[in-house]
Amino acid sequence: MSVTWRGSAALAALISIAILGSATPSAAAATPPPGSIASMGDSISRGFNACGWFADCTSRSFSTGGDSGVNSHYLRIRAVNPAINGHSYNDAKSGAKVADMPGQAATAVSQAAAYVTILIGANDACTSSESAMTTVTAFRASLDTALGTLKSGLPDAKILLVSIPDIKRLWQVGSASSSARTVWSLFGICQSMLANPASTAAAGAARRDRVRQRVVDFNGQLAAACAAYGVNCKYDGGAVFSYQFALSQVSTWDYFHPNASGQAVLASISYAAGFGW
């Protein structure tokens with residue numbers, strides 16, 4: 001009897017240790033939802049053309065907007081942490097490139113943001129010509145400076161780096177549309193990728209592939225910089241880049257920026273790839 005009891009007790013103890021051991025790491029890894037949020041980036045984070053004619057629409061920003069249809073990161077966090085209410089800062093600027101990120105980072109630091117989303121790089125690849133694109137080296141240098149500012153000024157903040165969307169996908173879904181082609185040409189939109197969109201010539205195809213590769217390279221730098229930052233930084237793993245968006249999710253005013261539907265999808269994909277609050 002005593003031998004059997006001792007064996008059962010030992011087994012129970014081992015089970016208890018196993019249960020506690022498996023629960024402890026997840027509990028330790030879990031972080032409370034933040035009490036404030038700031039977005040860094042360009043016109044996508046500003047919700048440009050999501051509700052007005054060639055105008056910012058920050059209420060529909062995937063990151064910090066208050067529109068329930070988009071269901072931004074801010075609103076998703078507010079659902080589990082009401083203390084974030086009113087502590088949402090959109091520091092992005094339409095037209096911004098990665099070189100503008102150090103300044104935006106300083107602003108986020110001044111706001112004591114506990115969570116910062118960064119989506120940048122589309123304008124570094126979408127330029128007037130292929131030769132005008134930001135170099136990979138310059139991209140990483142500006143990114144590192146911005147992240148250094150955040151790390152020193154907001155050492156406990158969580159940082160989410162969102163991958164740059166696949167701009168070649170925009171050409172794929174829009175090049176058959178006469179309206180899209182007209183708008184791209186009329187407004188000179190992303191000519192590095194979208195110049196002569198109806199052309200199937202080998203030179204044009206090669207150019208589009210090189211521009212897409214620059215976006216891939218930028219995303220690689222986002223991933224590497226985030227890994228170097230440490231545990232408080234999360235890269236979305238290319239989730240946004242990999243998403244096969246439809247033309248119906250793009251503004252018909254410029255056939256470039258996400259419309260309200262596109263912002264909603266962007267919010268959903270990027271949040272799911274984040275910190276799991």
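One cavity of 30 Å³ or more turns up when the whole structure is searched. A cavity here is a set of points, on a 1 Å grid over the protein atoms alone, where a 1.4 Å probe fits but cannot get out; a pocket is an open set with protein on both sides within 12 Å along at least five of seven lines, and lining residues have an atom within 4 Å of a point. The largest cavity is lined by 18 residues, and I44, P165, F245, F256 and P258 lie closest to its centre. Two or more lining residues come from each of α6 (167–174) and α11 (260–272), with α11 giving the most, four residues.

The model is predicted: local features need pLDDT of at least 70, side-chain atom pairs count only at pLDDT 80 or more, and totals for chains, interfaces and linings use all residues. Residues are numbered from 1 along each chain as its sequence is written, and side-chain values use heavy atoms, without hydrogens and water.

| Space | Volume | Lining by class |
|---|---|---|
| Largest cavity | about 320 Å³ | 14 nonpolar, three polar, one charged |
| Largest pocket | about 250 Å³ | seven nonpolar, six polar, one charged |

Of the 14 residues lining the largest pocket, S43, N123, I189, F256 and H257 are nearest its centre.

F187 counts as partly exposed because its relative accessibility is 41%, between the limits of under 20% for buried and over 50% for exposed (1.4 Å probe, protein chains only).

How values were computed. Grid points are joined across faces, edges and corners, and a volume is the space filled by probe spheres set on the points. Ala, Val, Leu, Ile, Met, Phe, Trp, Tyr, Cys and Pro count as nonpolar, Asp, Glu, Lys and Arg as charged, and the others, Gly among them, as polar.
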